[in-house]
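Visitor: Hi! I've got a protein chain to look at and I'm new to this. Could you walk me through it?

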Amino acid sequence: MIIKRKKLIVKYKNLGIDIDGILRNFVGSVERVYKEHYPEHKVLDRSDYDLKTWFPIGGKIYDFVFKDNVKEIYLYAKPYPHALRFMEYLEDLGYKVVIVTSQPNEDCVYYTKKWLEKHEVYYDKLIFESQKYKVENIDVLLDDSTKNLNEFAETDRLAVCMNRPWNKDYEGPRVKTYKQFIEMVQNGRTN
Ligand SMILES: [Mg+2]
């Protein structure tokens, strides 16, 4: 029996990986701390990327998250299940892993670095950038923000969406698990 082997074409080498919504369960941490402060409030909506629609305090959520409770939310957020192993596995597979994250202020940057240290997250390079499409030397972006993904896709690179309740409007390639993402970059599939 002859087994046809697919010719291995290394299409993608340098991977851009987002943190919040991809590796770190940021919104889970926001909800946890929010409930401690407002135990009687209910989460209104998880379908919008903008946190101000999620909670009864509306736009006050920005100060709540990025200023008043930044350490508690950022540092004590949990990694998503298998996130740490996923990053190690990318290294094992020989990819260059560039973490690309957008953070609104210096405290968020500081506690994000601390979080990465705390969990000994594997990566080659860490870039803080709100306009992710401007980051050169990455072939692929794994992100949960429709805006970031659309802008990145416009540069003719592969923008892969991690399926979350707040990014249903992204129409490009989408994965539900880290395994599916690895398969996509290995096979060059775009759904
Ligand atoms: Mg994100």
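**A walk through the chain**

Guide: Happy to. This is a predicted model. For 191 residues, a compact globule would have a radius of gyration near 16 Å, and the chain has 18 Å, which agrees.

Visitor: What does the C-alpha trace span along its principal axes?

Guide: The span is about 65 × 35 × 35 Å.

Visitor: And how many helices and strands are there?

Guide: There are 7 helices and 6 strands. Reading from the N terminus, their order is β-α-α-α-α-β-α-β-β-α-β-β-α.

Visitor: How is the chain divided into domains?

Guide: Domain 1 takes in 14–25 + 79–187, while domain 2 is 29–75. Their centres, taken over C-alpha atoms, are 22 Å apart.

Visitor: How many residues does each domain put into the contact?

Guide: Domain 1 gives 15 residues and domain 2 gives 10 residues. On the domain 1 side, helix α5 (residues 106–118) has the largest share, with 6 residues. Sorted by class, that side of domain 1 has 6 nonpolar, 6 polar and 3 charged residues.

Visitor: OK, new topic. Which residues are buried in helix α4?

Guide: In α4, which covers residues 83–92, F86, M87 and L90 are buried. They sit on the same side of α4, because they cover an arc of only 95 degrees around the axis.

Visitor: Why would residues a few places apart point the same way?

Guide: An α-helix has 3.6 residues a turn, so residues three or four places apart point the same way.

Visitor: What covers those buried residues of α4?

Guide: The cover includes β1 (14–17), β2 (96–101) and α7 (178–187).

Visitor: And what follows α4?

Guide: G94 follows α4, and the phi of G94 is positive, near 90 degrees.

Visitor: Which residues touch the most other members in the largest nonpolar core?

Guide: That core has 31 residues, and the ones touching the most other members are L15, I17, V97, V140, L141, L142 and V160. At least two residues come from each of β1, α4, β2, β4, α6 (146–153), β5 (158–162) and α7. The largest share is that of β5, with 5 residues.

Visitor: Tell me about V97. What does V97 touch?

Guide: Not counting residues up to four places away in sequence, V97 touches L15, I17, M87, L90, E91, Y122, Y123 and D124.

Visitor: Which residues is K132 in contact with?

Guide: Setting aside neighbours within four places in sequence, K132 is in contact with G16, V100, S102, L141, D143, N148, E151 and F152. Also, K132 and T101 are 31 residues apart in sequence, yet 7.9 Å apart in space, C-alpha to C-alpha.

Visitor: What about contacts in the chain overall? How many join residues at least 24 apart?

Guide: Among contacts between residues at least 6 apart in sequence, 59% join residues at least 24 apart.

Visitor: Last one: what share of the chain counts as buried?

Guide: Of the 191 residues, 32% count as buried.

Technical notes
Residues are numbered from 1 along each chain as its sequence is written. This is a predicted model: local features need pLDDT of at least 70, side-chain atom pairs count only at pLDDT 80 or more; totals for chains, interfaces and linings use all residues. A residue is buried if 20 or more other C-beta atoms lie within 10 Å of its own, exposed if 12 or fewer, and partly exposed in between; C-beta atoms are placed from the backbone. Helices (H or I, at least four residues) and strands (E, at least two) are DSSP runs, numbered from the N terminus. The arc is that of the directions from the helix axis to the C-beta atoms. Two residues are in contact if their C-beta atoms, placed from the backbone, lie within 7 Å. Domain bounds come from an automatic or database domain assignment. Ala, Val, Leu, Ile, Met, Phe, Trp, Tyr, Cys and Pro count as nonpolar, Asp, Glu, Lys and Arg as charged, and the others, Gly among them, as polar. A nonpolar core is a set of buried Ala, Val, Leu, Ile, Met, Phe, Trp, Tyr and Cys residues joined through C-beta atoms within 7 Å. The radius of gyration is taken over C-alpha atoms; the globule rule is 2.2 Å times the number of residues to the power 0.38.
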